[in-house]
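The following note sets out several points on helix packing and local backbone geometry. Please read it alongside the sequence and the model.

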Amino acid sequence: ERSGSTWLYNAVRLLHRQGRVPLDSYWMHTLTEDKLTQRLQSGANLCIKTHEWEPEYREMVPRFSKHIVIMHRDLRGVVASYRRLGWAASLPRKYVDDHMQWRNHATLDIKYENVIRDGKSQLAELASHLGLAPSDEDVAAVHRELTDLQSSSGGGVDQVSKLWPGHISINTRKYMDCTDTQDAPLNQLSDEREGQSLLTRFPEYMEGYGYTAA
C-alpha cells in the first residue's frame with residue numbers, strides 16, 4: 001500500500017485495453033483457489049490487486065500466476081503517505097514481512113520513484129514483461145490516461161480505478177515526468193525520528209533496495 005500498487009493495477013489494465021487483449025481485473029483482500037478458479041472461467045487474462053501474504057500462498061500463487069509484479073518505495077514515503085491520509089502513524093512489521101514474501105515470488109519488481117520520474121519507460125518495461133507489444137504511441141496514450149486518472153468524488157473508492165479521494169498527492173503530481181528528480185523529494189517525512197526508526201527496524205527492506213539515511 002502507498003507504494004504505487006494502484007498505478008500498477010491500472011497500468012496492467014490499460015495496457016491490455018490499449019492492445020485489445022481481453023483482461024478481467026479485480027481487487028481481492030484474500031486469495032483463494034475458488035475465487036481464482038471462478039474468475040478464470042471467462043477465458044480472459046486475469047489481473048488481481050492484493051496486498052497481504054498468507055502462508056498458503058506459497059504453494060497456491062505460483063500455480064495460478066504467470067506474472068507476479070510488485071512495486072517498492074522508500075518506507076519514509078510510505079509512512080508520509082499514510083499520515084497524509086490519516087491511515088496510520090507508522091508501519092507494522094507485517095507490512096514489510098508481507099512485501100518480502102511477495103518479493104521472493106515476484107517476476108518483476110518496479111521502483112515507485114522510477115514510475116514518478118519516467119512513467120513511460122516503466123510502462124514499456126512492464127508491457128514487455130507481460131508479453132505485450134505496444135507501440136510508442138500506445139505507451140504514450142496509456143501514460144496520459146494514467147496521469148489523468150481522477151479519484152472518486154463520492155467519498156469512497158472508485159470501483160474501476162481503485163483510487164481513493166486524495167489518493168495522489170500534490171507533491172507527487174508536481175514531480176511526475178521530472179526525470180532528474182532524486183528519491184528524497186518523493187519521500188519527504190518531516191519526522192526524522194520515525195525516519196531513522198524505519199532504517200533501524202527494516203534494514204532488509206531499506207538497505208536491500210538501496211534506500212539510505214540521506
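Does Arg58 count as buried, exposed or partly exposed? Arg58 counts as partly exposed, at 48% relative accessibility (buried means under 20% relative accessible area, exposed over 50%, partly exposed in between, with a 1.4 Å probe and protein chains only).

1. Basis of the note. This is a predicted model, in which local features need pLDDT of at least 70 and side-chain atom pairs count only at pLDDT 80 or more, whereas totals for chains, interfaces and linings use all residues. Residues are numbered from 1 along each chain as its sequence is written, and side-chain values use heavy atoms, with hydrogens and water left out.

2. Surroundings of Arg58. Arg58 lies in helix α3 (helices are DSSP runs of H or I with at least four residues, strands are runs of E with at least two, and both are numbered from the N terminus). Setting aside residues up to four places away in sequence, Arg58 touches Trp53, Gln101 and His105 (contact means heavy atoms within 4.5 Å). The C-alpha atoms of Arg58 and Asn104 are separated by 9.7 Å, although the two residues are 46 apart along the chain.

3. Helices α3 and α5. The axes of α3 and α5 are 11 Å apart and the packing angle is about 45 degrees (axes are lines fitted to C-alpha atoms, for helices over the stretch in contact, and angles run from 0 to 180 degrees between N-to-C directions). The two helices, α3 and α5, are therefore oblique to each other (angles under 35 degrees count as roughly parallel, over 145 as roughly antiparallel, 65 to 115 as roughly perpendicular and the rest as oblique). Tyr57, Arg58, Val61 and Pro62 of α3 make the contact with Gln101, Trp102 and His105 of α5. By class, the residues of this contact divide into four nonpolar, two polar and one charged (Ala, Val, Leu, Ile, Met, Phe, Trp, Tyr, Cys and Pro count as nonpolar, Asp, Glu, Lys and Arg as charged, and the others, Gly among them, as polar).

4. Burial along α5. Helix α5 covers residues 93–105. Its buried residues are Tyr95, Val96, Asp98, His99, Met100 and Trp102. These buried residues of α5 pack against α3 (57–64), β3 (69–72), α4 and α11 (203–206).

5. Helices α4 and α10. Helix α4 (residues 75–85) packs with helix α10 (residues 192–201) at an angle of about 130 degrees, the axes being 9 Å apart. The pair α4 and α10 is therefore oblique. From α4, Leu75, Arg76, Val79 and Arg83 meet Glu194, Gly195, Leu198 and Leu199 of α10. Four nonpolar, one polar and three charged residues form the contact of α4 with α10.

6. Helices α7 and α8. The axes of α7 (residues 119–129) and α8 (residues 136–148) come within 9 Å and cross at roughly 120 degrees. Gly119, Lys120, Leu123 and Ala124 of α7 meet Val139, Ala140, Val142, His143 and Leu146 of α8. The contact of α7 with α8 has six nonpolar, two polar and one charged residues.

7. Positive phi values. Arg20, which is not a glycine, has a positive phi of about 55 degrees. Arg20 lies in the loop between α1 (5–18) and β1 (23–27) and counts as exposed at 75% relative accessibility. Asp177, also not a glycine, has a positive phi of about 65 degrees. Asp177 is in the loop between α9 (170–175) and α10 and is partly exposed, with a relative accessible area of 39%.

Notes: The expected span of a helix is 1.5 Å times one less than its number of residues.
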